[in-house]
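Please look over the sequence and the model shown here. A short report on the packing follows.

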Amino acid sequence: MEIIIAIIGTVTTIVTAILTNYFTKKNQLKFNERQLKERYYLEYIEAISRNINNITQNDDETINENHAFNRLVLIGSEDMINKLYKFQDLRIRHLKYNDVSEYNKKYDIALNDLIKAMRRDLYGKEDKQMHNIYFLGGVLKGDYTKEKYENPEELTIEDFEKYMKNK
């Protein structure tokens, strides 16, 4: 009887160790994948941001953005990749042919969808409270803040959105 109890204890210890090791490695792989995705997503967003803030985009910036895009295709979820292609196709069509009606509105929608898909891919859920997402392309210092408002540091997102609609 004592031998059976010892065997059950040993088997339980071994199974527990194996399961603990398996789940630890699985969680570590998920964490590493999330870190890699986060790094690639940030590189892509930084490349887009550089291009937004630089009217005369040079070849190096284009190549960096292309590399960042290609990394996303490798690592992103299916939903994120679909949103990425939609966003990039819109930008390419606009740059090549300049024939996209309501480009700014479509750009904002596609960018919102892409960023939300990235966040879902990273965090597994969507924040329903999230405002519309936009990138700043140069700060509207004189035009937006100092000339129009007494306390520009107190401006809200709603103030900015109103300004952009009226522009």
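Which residues have the most contacts inside the largest nonpolar core? They are Tyr44, Leu72, Met80, Phe87 and Met118, in a core of 24 residues. This is a predicted model. Four helices, α1, α2, α3 and α4, each supply at least two residues of this core. α4 gives the most, with nine residues.

Now take α2. This helix has 17 residues. From its first C-alpha to its last it reaches 25 Å, close to the 24 Å expected at 1.5 Å a residue. Its buried residues are Glu61, Glu65, Ala68, Phe69, Leu72 and Ile75. Seen down the helix axis, they fall within an arc of 135 degrees, so they line one face of α2. An α-helix has 3.6 residues a turn, so residues three or four places apart point the same way. The cover over the buried residues of α2 includes α1, α3 and α4. The face turned away from the buried side carries the exposed residues Asp59, Asp60 and Leu74.

Two residues show who touches whom. The table leaves out residues up to four places away in sequence.

| Residue | Touches |
|---|---|
| Leucine 72 | Tyr40, Tyr41, Tyr44, Met80, Ile81, Leu84 and Met118 |
| Arginine 91 | Tyr44, Ile48, Asn51, Glu65, Tyr103 and Tyr107 |

Arginine 91 is found in α3. Is arginine 91 buried or exposed? It counts as buried, because its relative accessibility is 9%, and buried means under 20%. Its side chain makes a polar contact with the side chain of glutamate 65, at 2.4 Å. Glutamate 65 is itself one of the buried residues of α2.

Terms used
Residues numbered from 1 in each chain as written. Predicted model: local features only at pLDDT ≥ 70, side-chain atom pairs only at ≥ 80, totals over all residues. Heavy atoms only, no water. Core = buried A, V, L, I, M, F, W, Y, C linked by side-chain atoms within 4.5 Å. Buried < 20%, exposed > 50% of the residue type's maximum accessible area, 1.4 Å probe, protein only. Contact = heavy atoms within 4.5 Å. Expected span 1.5 Å × (residues − 1). Arc of directions from axis to C-beta. Polar contact = N/O pair within 3.5 Å; in protein donor to acceptor, adjacent residues only side chain to side chain.
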